[in-house]
Amino acid sequence: MNALISVSDKTGIIELAQALHAQGIKLLSTGGTAKLLAEKGLPVTEVADMTGFPEMLDGRVKTLHPRVHGGLLARRDVPAHMAALAEHQIDTIDVLVVNLYPFEATVAKPGCTLEDAIENIDIGGPAMVRSAAKNWKDVAVLTDASQYATVIAELKSAGKVSDKTKFALSVAAFNRISQYDGAISDYLSSVQVGDDVPAGDVAPTLSHFPAQFNAQYTKVQDMRYGENPHQQASFYRSANPALGALSTGVQLQGKELSYNNIADADAAWECVKSFETTACVIVKHANPCGVAVGATALDAYSKAFQTDPTSAFGGIIAFNCPVDGAAAQIVAKQFVEVLMAPAFTQEALDIFKAKANVRLLRIALPENRADILNAGRNSLEFKRVSGGLLVQEADNHILHLSDLKVVTTVQPTAEQLQDLLFAWTVAKYVKSNAIVFCKGGMTMGVGAGQMSRLDSARIASIKAGHANLSLAGTAVASDAFFPFRDGLDVVVDAGATCIIQPGGSMRDDEVVAAANERGVAMVFSGVRHFRH
């Protein structure tokens with residue numbers, strides 16, 4: 001048996017080569033890999049010596065040879081194939097170990113030039129991988145260090161790699177090639193070319209929207225069902241999820257996550273990460289029904305729960321801080337579907353052991369709280385339409401105090417400005433049309449997803465009443481402008497004393513005049529936050 005090893009990532013390769021050698025498998029290799037194996041005392045034959053043809057063109061051509069691809073592609077059960085190998089004195093290659101030039105890592109580096117990217121496009125590696133993967137019944141193809149242990153164990157126990165494993169390795173190999181080619185296509189399709197292609201020493205300007213989009217996701221699990229029991233569903237993770245992304249979470253206990261659990265958990269997690277101070281978000285059916293900041297996790301949860309205790313029943317809860325025993329003791333008294341946090345104390349875990357069905361999800365976040373704002377955020381968002389896909393930049397806009405424009409005679413107080421910023425942050429995660437009443441770092445009433453902004457305002461007021469919360473002196477955020485003064489009148493009648501909205505209506509002057517007439521402060525954010 002022969003094994004050809006050619007890897008850019010040398011992780012675990014010495015141990016694998018030693019195990020192959022111990023099984024009597026002859027080692028073939030290229031360039032730096034061959035040198036490394038020889039230095040470790042392993043007998044290795046250079047591919048150039050095997051093919052009788054030297055590497056050329058700065059290594060661009062080294063394995064593109066009939067002795068390599070013939071050895072990989074020949075079917076051992078076809079006499080004509082084996083006769084052809086014998087005629088041309090070609091040995092079979094039974095194990096191929098290849099990982100590709102680090103194209104993805106190269107283009108991710110700041111200042112990567114087009115020339116750097118091009119030179120990190122592997123040609124020979126993918127060609128060999130495809131050949132071996134096609135001939136999976138006869139060749140075991142390894143494309144990742146995580147696969148080495150399984151192959152070593154099977155060789156030691158049975159002297160060969162099982163068909164089941166070889167087929168799985170083949171599928172993984174084609175998946176890797178698909179990911180690799182997709183990354184190359186995405187990058188090159190994003191390069192902005194004017195009259196001249198960017199020079200070799202200049203980093204090109206890249207578009208967010210390549211001419212062809214290649215999505216790469218790996219299945220994490222099958223769902224019991226989708227949004228409804230008659231729909232099948234699965235959960236997939238992107239190829240390179242960022243730190244802090246929901247898909248990187250580790251489930252510590254509880255029932256299997258459902259389709260709706262994951263969708264709602266994402267809404268809660270994205271919202272809670274938006275706050276720099278300790279925060280809690282409770283979500284029901286993709287909308288925040290309670291949001292608050294506080295001195296502790298317990299304080300934030302208690303305030304968030306007050307907003308809408310009825311909707312919080314069976315909700316999804318997210319913290320941007322560790323959950324300790326004090327918070328866990330109170331949260332555990334409620335019916336909770338999913339509880340997410342960057343960490344749980346041992347006391348908190350012990351408390352939830354008695355609630356075996358509660359799904360606890362730990363999602364790592366950066367230690368620097370300022371970095372949490374961008375942790376795991378997507379740069380692009382996608383929405384499926386019939387026969388197509390809508391792609392847009394993600395709404396990652398962060399509003400600062402200095403961005404606000406006071407447009408009324410009445411000036412908001414420092415405390416009101418903080419409530420306005422808080423309300424605006426929450427409104428960003430509420431389905432349009434969104435009206436959010438807040439005070440003292442907590443939501444007091446949330447109106448979501450109505451066809452009329454007036455109805456959203458009325459519903460927010462009704463919900464506050466059901467929760468026995470007074471809206472007197474509250475701050476209100478509207479995710480889009482008030483087209484008429486009637487929306488303003490509704491929130492002021494409910495008790496609001498300051499309002500934040502984007503502005504931009506042809507009747508802005510009428511609405512501002514109404515705010516002055518009612519004696520309330522109004523600020524423009526200059527940014528709209530529709531969420532459909």
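Me: What share of the residues in the chain is buried?
Reply: A residue is buried when its relative accessible area is under 20%. In this predicted model, buried residues make up 47% of the 532 residues in the chain. The accessible surface of the chain comes to about 25500 Å². Carbon and sulfur atoms hold 52% of that surface.

Me: How many helices and strands does the chain have, and what does the C-alpha trace span?
Reply: Count 20 helices and 21 strands. Along its principal axes, the C-alpha trace spans about 95 × 65 × 45 Å.

Me: What share of the contacts joins residues 24 or more positions apart?
Reply: Take the contacts with a separation of 6 or more. Residues 24 or more positions apart account for 56% of them. Leaving aside neighbours within four places in sequence, Val490 is in contact with Leu454, Ala457 and Arg458. Leu454 is 36 residues away along the chain, yet the two C-alpha atoms are separated by 7.2 Å. Now take another pair. The C-alpha atoms of Ala83 and Met223, 140 residues apart along the chain, are separated by 50 Å.

Me: Where does Ala83 lie, and is it buried or partly exposed?
Reply: Find Ala83 in helix H5 (residues 79-87). Its relative accessible area is 46%, so Ala83 is partly exposed.

Me: In what order do the strands of the open sheet run?
Reply: Read the order across the sheet. The five strands go S3-S2-S1-S4-S5, with parallel pairing. Strand S3 (44-46) and strand S5 (140-142) are the edges, each pairing on one side only. From one strand to the next, the twist averages 20°. Then go down to a single pair. Strand S4 (residues 95-99) pairs with S5 in the parallel sense over three bridges. There, Val97 stands opposite Leu142 in S5.

Me: Why is helix H8 largely enclosed by the rest of the structure?
Reply: Count its buried residues. Eight of the 11 residues of helix H8 (residues 124-134) are buried, so the helix is largely enclosed. Among them are Gly124, Pro126, Met128 and Val129. The buried residues of H8 pack against strand S1 (2-7), helix H4 (66-73), S4, S5 and helix H10 (163-190).

Me: Which residues form a nonpolar patch on the surface?
Reply: Look for Phe209, Phe213, Tyr217, Tyr236, Phe382, Leu389 and Val391. Together they have about 630 Å² of accessible area. Val391 sits in strand S15 (residues 388-393). Its relative accessible area is 32%, so Val391 is partly exposed.

Me: Which residues have a positive phi without being glycine?
Reply: Two cases to check are these. Ala286 has a phi of about 75°, and for Asn468 phi is near 60°. Ala286 lies in the loop between strand S9 (279-284) and strand S10 (287-293). Asn468 lies in the loop between helix H18 (453-466) and strand S19 (474-478).

Me: Are these two exposed or partly exposed?
Reply: Exposed means over 50% relative accessible area. Asn468 has 72%, so it counts as exposed. Ala286 has 21%, so it counts as partly exposed.

Me: Which residues does a cis peptide bond join?
Reply: Check omega. The bond between Ser432 and Asn433 is cis, with omega about -5°. Asn433 is found in the loop between helix H17 (414-427) and strand S17 (435-439).

Note on methods. Residues are numbered from 1 along each chain as its sequence is written. This is a predicted model: local features need pLDDT of at least 70, side-chain atom pairs count only at pLDDT 80 or more; totals for chains, interfaces and linings use all residues. Side-chain values use heavy atoms; hydrogens and water are left out. Patches are made of residues with over 30% relative accessible area and no salt bridge: like charges are joined within 9 Å, nonpolar side chains (Val, Leu, Ile, Met, Phe, Trp, Tyr) within 5 Å. Accessible areas come from the Shrake-Rupley method with a 1.4 Å probe; for residues, only the protein chains shown count as cover. A salt bridge is a side-chain nitrogen of Lys or Arg within 4 Å of a carboxyl oxygen of Asp or Glu. Helices (H or I, at least four residues) and strands (E, at least two) are DSSP runs, numbered from the N terminus. Buried means under 20% relative accessible area, exposed over 50%, partly exposed in between (1.4 Å probe, protein chains only). Two strands pair if DSSP finds at least two bridges between them. Axes are lines fitted to C-alpha atoms, for helices over the stretch in contact, and angles run from 0 to 180 degrees between N-to-C directions. Contact means heavy atoms within 4.5 Å.
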